[in-house]
Amino acid sequence: MKTWKKFAHIDAKSIDEAASILRAGKAAVISGGTDLLGTMRFEILPAYPDVVVNLKTIPEMDYIREEGGVLKIGALTRLEDIAKSDLVRKKYAALAEGAHRTATPHIREMGTIAGNICQLNRCWYFRIPDNRFNCIRKGGKTCFAMAGDNRYHSIFGAVKMCLAVNPSDTAPALVALNARIKTNKRLIEAENFWDMTIPGSTVLAADEIVTEIQVPAPAANTRSAFIKFAIRKSIDFPIVNCAAMIGNGDARICLNAVYNKPYRAVKAEEVIKGKSVDESIADAAGAAAVASARALPGDRNKWKIQIAKTMVKRTILACA
Ligand SMILES: Cc1cc2nc3c(=O)[nH]c(=O)nc-3n(C[C@H](O)[C@H](O)[C@H](O)COP(=O)(O)OP(=O)(O)OC[C@H]3O[C@@H](n4cnc5c(N)ncnc54)[C@H](O)[C@@H]3O)c2cc1C
């Protein structure tokens, strides 16, 4: 019979208290718990936190408001509240739709925006229960996806030989909308929030906690959109998703689930800049977005390249 590991659970009263518990080591913060508790229950990782620090007991971490031309969302705001917010839907449509397309109503009622951007990457070798594959991401020497079943893996290469993809549905919207992530230590551009030295991590220090998401109000005549392709319509992680903000001859476009971190489609943005968008421009931008994409040996994930191209095209047209 399986012996369940034990852990302490502390209700933090302030960010400072939570950070000091993190500093002591072997601790993890918990928000909605929809990702963290799964990784712990199934013992996906080699190390297991001794302490789980609950952030939900800290007051005033759950809000959506506009201040001085900036949308401010508390880190503990639930995805369902973001998806349903009239303010977010009207002015920051890509974010509202990204939140709305995440998982199921149940998970969106539990899951928070901070947890969504901090969730661990997806790869079935990495996430298999009982830490059965000691892969690169866990400090091992092999990426099992490289020679194995990699149909859902990166089309833009590996980071430190890891081919897992970032599955967040809100992250590409935050990058496209030029958002910043506020922590107890600093303000980080959304685009720079994911670490390229440790595959599938954020740049957060061990005692750093996301406290707020800030999104500058889009300029007049700008529109944003988010589109997700998943196998199932009901509940499913993205095979590819895409968010874009377009207007005044400028564009920001971000794909996700195609690489270790959200992938800004700079080449597609260049195609659009200074032009008014029509079907052929959107088509050319889609092609440019995946010009440097490569299927993995065996071509099992080649289909994702075509999907990414189409997602970029459709998202651009949805902004037009
Ligand atoms: C069945 C299922 C389907 C899912 N489908 C999708 C999907 O379609 N799209 C998608 O994007 N996601 C999906 N998810 C992933 C995830 O549950 C959600 O993204 C959710 O938003 C995570 O938020 P949470 O508050 O529950 O995070 P938690 O589980 O509480 O935390 C996740 C991670 O973030 C860290 N963390 C949490 N809050 C903070 C903070 N304030 N500062 C620093 N670190 C923090 C935790 O330590 C942990 O490592 C799915 C999950 C499940 C179980």
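Start by selecting β2 (27-30) and α7 (113-118): each of them supplies at least two residues of the shell around the ligand. You're looking at a predicted model, where local features need pLDDT of at least 70 and side-chain atom pairs count only at pLDDT 80 or more, while totals for chains, interfaces and linings use all residues. Residues are numbered from 1 along each chain as its sequence is written, and side-chain values use heavy atoms, leaving out hydrogens and water.

Stay on α7, which gives the shell its largest share, four residues. Now show all 30 residues around the ligand; Val-29, Ser-31, Thr-34, Thr-112 and Asn-116 come nearest. (A residue is near if one of its heavy atoms lies within 4 Å.)

Next, click through some polar contacts, meaning pairs of N or O atoms within 3.5 Å. A polar side-chain atom of Asp-169 sits 2.8 Å from a ligand nitrogen. In the side chain of Lys-228, an N or O atom is 3.0 Å from a ligand oxygen. For Pro-167, pick the backbone: an N or O atom there lies 3.4 Å from an oxygen of the ligand.

Strands pair if DSSP finds at least two bridges between them.

Last stop: β6 (residues 180-183) and β10 (residues 210-216), an antiparallel pair with four bridges. Select Ile-181 and you'll find Ile-213 of β10 opposite.

How values were computed: Polar contact = N/O pair within 3.5 Å; in protein donor to acceptor, adjacent residues only side chain to side chain.
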